[in-house]
Amino acid sequence: MTKTTYIKHQLQIQQVKTTFSQQLCQHLQLVPVQAPILSETGTGIQDDLAGHEQAVSVSVKAIPDKRFEVVHSLAKWKRHTLARYGFEPGEGILTDMRALRPDEDSLSAKHSVYVDQWDWEKVIDETQRSVAFLKQTVRQIYAALLATEASLAEQGGRTPLAEQVYFIDSEALAQQFPELSPKQRERKITRQHGSVFIMGIGGQLKEGQPHDVRAPDYDDWSTLSEEGFTGLNGDLLVWHDGLKDALELSSMGIRVDSTALLQQLELSCQQHRAELPWHQALLTGQLPLTIGGGIGQSRVVMQLLQLDHIAQAQCGVWPEKVKHAL
């Protein structure tokens, strides 16, 4: 890659990130805020993701009596911040999150140790804890993607996104393709519709396993929805022509209230977490009801610029054979 090509590529990446973050703030009424890279161990603010990932531990010489970890995501920190500064229903925040996940099962065209995402959170009221509001929010996020696509198209870019999002619950998806694995189902349904939001991720399906694993203390995956399925969360996936595969852009959802938290801690056999400071704050009514999620920055860039490897959208670490192939 020549210097001219490199500079042009970097400017395109910056355009995607700048345009989409601005569009997201407009569509969801979010305020950009600064975000931490470390969380204090033992507070309950660290996110457990699928439950097996080990956080990168950090010792701070000037604070020897405490331990810190590089964040996995900011789901709990954002909710705490909304409470601390008194945000009202309809108001929210957007952060530029950086994280390290060295326990990533495999480094691939879609997966990296380095995580860069837009982490957002918005205060809601009790009436908005519904699938209808979840879908409305997903459509607003997708509208921000389409607006970013349009800005690239004005300069001759080719950014294939479907015109709208197709919604399906993970249980309905399992019934439609019972012979396939969850990842195969994602690939099948996304190839059919181009852009898909799969709802209800984390709870056990009738076949005996969840569609995918979720921590018990941020997304609500146990509440019975008005559509008769379980869960108020989901993943947004798009079809990537170059990879010939589904690309997950966002994991998001309506967050747990006190009832869902206790229920999910019990279902996950993690009742002990209820005693942690963050969890106690939620159980005692000190945290607002919220909806939120993360949107992968490098993956959005991959989709909108049609890049075939995440390393083309970020600076990560890779095995030598991967670096030589790019």
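Colleague: Is Asp235 buried or exposed?

Modeller: This is a predicted model, where local features need pLDDT of at least 70 and side-chain atom pairs count only at pLDDT 80 or more, while totals for chains, interfaces and linings use all residues. Residues are numbered from 1 along each chain as its sequence is written, and side-chain values use heavy atoms, leaving out hydrogens and water. Under 20% relative accessible area means buried, over 50% exposed and in between partly exposed, using a 1.4 Å probe and protein chains only. The relative accessibility of Asp235 is 1%, so this residue counts as buried.

Colleague: Which side chain meets Asp235 in a salt bridge?

Modeller: A salt bridge here needs a side-chain nitrogen of Lys or Arg within 4 Å of a carboxyl oxygen of Asp or Glu. For Asp235 the N to O distance is 2.5 Å, and the partner is Arg214.

Colleague: How many salt bridges does the structure hold?

Modeller: Another one joins Arg129 and Asp220, whose closest N and O atoms are 2.7 Å apart. Arg129 sits in the loop between strand 6 (114–123) and helix 3 (131–153), and Asp220 in the loop between strand 8 (195–199) and strand 9 (233–240), so this pair ties together parts 91 residues apart in sequence. Arg129 counts as buried at 12% relative accessibility, and Asp220 does at 0%. The total for the structure is 19.

Colleague: Which residue makes a salt bridge with Asp217?

Modeller: The N to O distance in that pair is 3.2 Å, and the partner is Arg273. The pair links distant parts of the chain, 56 residues apart: Asp217 is in the loop between strand 8 and strand 9, and its partner in the loop between helix 6 (258–267) and helix 7 (277–283). Both are buried, Asp217 as well as Arg273.

Colleague: In which order do the three strands of the open sheet lie?

Modeller: Strands count as paired if DSSP finds at least two bridges between them. Strand 2 and strand 4 (residues 68–70) are joined by three bridges, and Leu38 has Val70 in strand 4 as its bridge partner. The pairing in the sheet is antiparallel, and the order is 2-4-3.

Colleague: Which side chain makes a polar contact with the side chain of Ser112?

Modeller: Ser112 lies in the loop between strand 5 (92–100) and strand 6, and counts as buried at 6% relative accessibility. A polar contact is a pair of N or O atoms within 3.5 Å; within protein, one must be able to donate a hydrogen and the other to accept it, and residues adjacent in sequence count only if both atoms are side-chain atoms. A polar atom of the Ser112 side chain lies 3.1 Å from the backbone nitrogen of Tyr114. The side-chain partner, at 2.6 Å, is Gln314.

Colleague: To finish, what is the relative accessible area of Met1?

Modeller: Met1 is found in the segment before helix 1 (3–28). This residue is exposed, because its relative accessible area is 72%.

Note on methods. Helices (H or I, at least four residues) and strands (E, at least two) are DSSP runs, numbered from the N terminus.
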